[in-house]
Amino acid sequence: MRRGRQHLACYLGIMGPQDGVDRLLDAIHHYVHVLGRTDCAFALLGFGDCLDDLRKQSSRLGLDDWVEFTGRADDQMIRDYLSTATVGLSPDPRSPLNEVSTMSKTLEYMAYALPVVAYDLTETRVSAEDAAVYVPSDTVADFARTLAELLTDPDRRRTLGARGRERIVNELSWRYSEPRYVGVHDRLRGRQAGHPSIPVPRQGGLTRVSGSAAPVHATGSRERAER
């Protein structure tokens, strides 16, 4: 999956106009062709309205040897790639919507103890806190430089990854979110708090892949950001 390179950086999610994957490709171009870095392969997992255009953009930028588009990713593919990756990429650009959106991919990276590179969005900071490195500006050049700095600092990567995993396990996993969602529905329906809810079949749990234990589902949805 690393294509013989030292590192693998992954994007996981929908590829629509609002998701910034086109700008991610520009950042990868800067990483490879401007900074001259040859140590990292990139896997973009997912699908969406822009996928065909993104593949063409990747070829136009000379990135075919560096970037893999997997298309729709099933559970096994996600486990394999995120267990192999060095870092998770959250290139969502600044916008009124993205500033207040919780990005599922960011939480998935944290669940797999991956450090995250992200633009400095309000809700992303709320979600990731100190498990991410935040790009100091909104430029693709700074995104590439921030990624390069993180890949040269294994101690920082381990610290960020451990913090993200800890945050998912102790604060953000479904078992902490479920009571809040159920409580809202109970209040709306006039039911007493704590009334037994209908059991939901487990879709994951802890799965050990390539030496890492990680929940398959961090937040429930993995195919799109929770808007």
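Guide: One term before we start: two strands pair if DSSP finds at least two bridges between them. Helices (H or I, at least four residues) and strands (E, at least two) are DSSP runs, numbered from the N terminus. This is a predicted model, where local features need pLDDT of at least 70, side-chain atom pairs count only at pLDDT 80 or more, and totals for chains, interfaces and linings use all residues. Residues are numbered from 1 along each chain as its sequence is written, and side-chain values use heavy atoms, with hydrogens and water left out.

Visitor: Which residue in β3 does Leu44 stand opposite?
Guide: Leu44 points the same way from strand β2 as Cys40 and Phe42. Strand β2 (residues 40-45) pairs with β3 in the parallel sense, over four bridges. Across in β3, the residue opposite Leu44 is Phe69.

Visitor: What order do the strands of the open sheet have?
Guide: There are six strands, with parallel pairing. The edges are β3 (67-71) and β6 (132-135), each of which pairs on one side only. From one strand to the next, the twist averages 25°. Read across, the order is β3-β2-β1-β4-β5-β6.

Visitor: What is the bridge partner of His7 in β2?
Guide: Strands β1 and β2 run parallel, and six bridges join them. In β2, the partner of His7 is Cys40.

Visitor: How many residues of β2 are buried?
Guide: Buried means under 20% relative accessible area, exposed means over 50%, and partly exposed is in between (1.4 Å probe, protein chains only). Cys40, Phe42 and Leu44 point one way and Ala41, Ala43 and Leu45 the other, and all are buried. Strand β2 is largely enclosed by the rest of the structure, because its buried residues number six of the six.

Visitor: At about what angle to β1 does helix α3 run?
Guide: Axes are lines fitted to C-alpha atoms, for helices over the stretch in contact (heavy atoms within 4.5 Å), and angles run from 0 to 180 degrees between N-to-C directions. Helix α3 (residues 75-84) lies across β1 (7-12), β2 and β3. Its angle to β1 is about 135°.

Visitor: How far apart are the end C-alpha atoms of helix α7?
Guide: The expected span of a helix is 1.5 Å times one less than its number of residues. For the twelve residues of α7 (residues 140-151), that should come to 16 Å. The model agrees, with the ends apart by 17 Å.

Visitor: Is Arg157 buried or exposed?
Guide: Arg157 lies in helix α8 (residues 154-172). Leaving aside neighbours within four places in sequence, Arg157 is in contact with residues including His7, Thr86 and Leu150. Its relative accessible area is 15%, so Arg157 is buried.

Visitor: Which side chain of opposite charge is nearest to Arg157?
Guide: Lys and Arg count as positive and Asp and Glu as negative, while His and the chain ends are not counted. A salt bridge is a side-chain nitrogen of Lys or Arg within 4 Å of a carboxyl oxygen of Asp or Glu. Arg157 has no salt bridge, and at 6.6 Å the nearest side chain of opposite charge is Asp153.

Visitor: Where does Ala113 lie?
Guide: Ala113 and Arg157 are 44 residues apart in sequence and 9.3 Å apart in space, C-alpha to C-alpha. Phi of Ala113 is near 60°, a positive value in a residue other than glycine. Ala113 is found in the loop between α5 (104-111) and β5 (116-119).
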